[in-house]
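Subject: Structure handover

Hello,

Here is the structure I promised to pass on. Please open it alongside this note.

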Amino acid sequence: MTSDEDFAVSTPFDGVRVVEIAAWTFVPGAGAILADLGADVIKVEPPTGDPQRNLQNALNRKEGAPNPFLEVPNRGKRSITLDLTTEDGHDLLLKLVEKADVLLTSYLPAQRTKLRVDVDDLLAVNPKLVYVRGTGWGSKGDKVNVGGFDAAAAWSAGGTMHKLTPPGADRPTMQPAAYYDLQGSSAIAGAVGMALFRRERTGKGGVVDVSLLNTGMWPLSPDLTAAPYIGEIPRQDRTDAPNPIVNAYRTKDDRWINLVCLQAQRFWGELCALVDRVDLIVDERFADDMGRYTNRHDCIAELDKAFAEKTLDEWRHILAEFSGVWAAAATVAELHDDKQVLDNGFLPEVPAEDGSNFRVVAPPYHFDGQPTTPRRPAPRLGQHTDEILLEAGLDPEQISDHRERGVLG
């Protein structure tokens, strides 16, 4: 039998060069994934930098802690500053594009046209380039020049906010930070792999579009497919769950356990015994799937009482051998100590410049049995400008001249 160790460990984007002209998280997050997987990602920033470098938020205000809004979407890249509004800055960008495999951009069409970095501009210097546009609302229609952060274009306009806000609630359910940005970045990274595979087959580059609106709609596919026929699928109410053991239950210490036992008859007796309620097994109201559905309110109430008797840690011990699927609702802090997370390398460490280490979430891909590990932290603004320009064929005197004239900021 072949084991993981029999494969040569490699990262799938070794040797691939990516030029990124993008800001915030959605598209840069894709660049981070590609960098983690071996690509040389050159982040082209204006002299003032990606505006996210200066974003202040509750998540990045602790002194000495890594800024997640910088590190998550930018780890592993190299940064060069170029003023693309200048002729020389534009020419230097073209030098980078000539040798690139992929171009990532989040710029709107009007800005791409103004800076002469649109599809035709760059494919003219590199016909094999894979040109990737990340947009808020799609590449066509009235909103092509409208910006779209994920909380608006995906979470709100894509249907999730409405779906997750209970009827009559006094406030809507808000999304976690960069929630759909990072789902979209994974979609972009996958699309890049597909486009490069096509290029390997055909020799042609091409254009890839990924939007936040479409990204937000994709997870709601069952609802959207059903909508023309039945209208809105009802929001789930745990007190009215059709299958009482596909439901969440509160523990004594105010935590939640989520049962996902789709084959209810298979697991009902075992669960009742584990929660010390064998009386429910012989209760005629709950004898089969139809009985539990018909009497679901009573069934849920009985299980509520059972789970409220013990703490989450106690239930973890009791349910450890349960053959049905279940999970505790984990806090993000707990994931840092979760053995399953650590054993699989889902939270790898990244070396900080001060010699310490911090953790970021790995992209959800393993190759040859190996977890994906970021190679270095996010770059300082313009950190690799000279290095990149030397690789592009400029000499130190030319670089100095460009810097003095403000081309590099």
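Below are some local findings, grouped by region.

First, the ground rules. This is a predicted model, where local features need pLDDT of at least 70, side-chain atom pairs count only at pLDDT 80 or more, and totals for chains, interfaces and linings use all residues. Residues are numbered from 1 along each chain as its sequence is written, and side-chain values use heavy atoms, with hydrogens and water left out.

**The strands around E8**

Start with strand E8, residues 256-260. Helices (H or I, at least four residues) and strands (E, at least two) are DSSP runs, numbered from the N terminus. The side chains of E8 alternate. Ile257 and Leu259 point to one face and are buried. Buried means under 20% relative accessible area, exposed means over 50%, and partly exposed lies in between (1.4 Å probe, protein chains only).

E8 pairs with strand E7, residues 246-250, in the antiparallel sense over five bridges. Two strands pair if DSSP finds at least two bridges between them. Tyr249 stands opposite Ile257 of E8. E7 and E8 form a hairpin, with five residues between them. In that turn, Asp254 has a positive phi of about 65°.

E8 also pairs with strand E9, residues 326-328. This pairing is antiparallel too, over three bridges. Here Ile257 stands opposite Ala328.

**Two packed helices**

Two packed helices are described by the angle between their axes and the distance between the axes. Helix H1 (residues 26-36) and helix H8 (residues 179-202) pack at an angle of about 55°, with their axes 7 Å apart. Axes are lines fitted to C-alpha atoms, for helices over the stretch in contact, and angles run from 0 to 180 degrees between N-to-C directions. H1 and H8 are therefore oblique to each other. Under 35 degrees counts as roughly parallel, over 145 as roughly antiparallel, 65 to 115 as roughly perpendicular, and the rest as oblique.

Which residues of H1 and H8 make the contact? From H1 come Phe26, Val27, Gly29, Ala30, Ile33 and Leu34. From H8 come Asp181, Gly184, Ser185, Ser186, Ile188, Ala189 and Val192. Contact means heavy atoms within 4.5 Å. By class, the contact has eight nonpolar, four polar and one charged residues. Ala, Val, Leu, Ile, Met, Phe, Trp, Tyr, Cys and Pro count as nonpolar, Asp, Glu, Lys and Arg as charged, and the others, Gly among them, as polar.

**Two loop residues with positive phi**

Trp24 lies in the loop between strand E1 (17-21) and H1. Its phi is positive, about 65°, although Trp24 is not a glycine. Trp24 is partly exposed, at 30% relative accessible area.

Arg116 sits in the loop between helix H4 (109-115) and helix H5 (119-123). Its phi is near 60°, again positive in a residue other than glycine. Arg116 is partly exposed, at 31%.

His384 is in the loop between strand E13 (370-371) and helix H17 (385-391). Is His384 buried or exposed? His384 is buried, with a relative accessible area of 10%. Not counting residues up to four places away in sequence, His384 touches Lys77, Arg78, Ser79 and Pro379.

Arg403 is in helix H18, residues 396-404. Arg403 is partly exposed, at 35% relative accessible area. With that sequence exclusion of up to four places, Arg403 touches Thr385, Asp386, Leu408 and Gly409.

Best wishes
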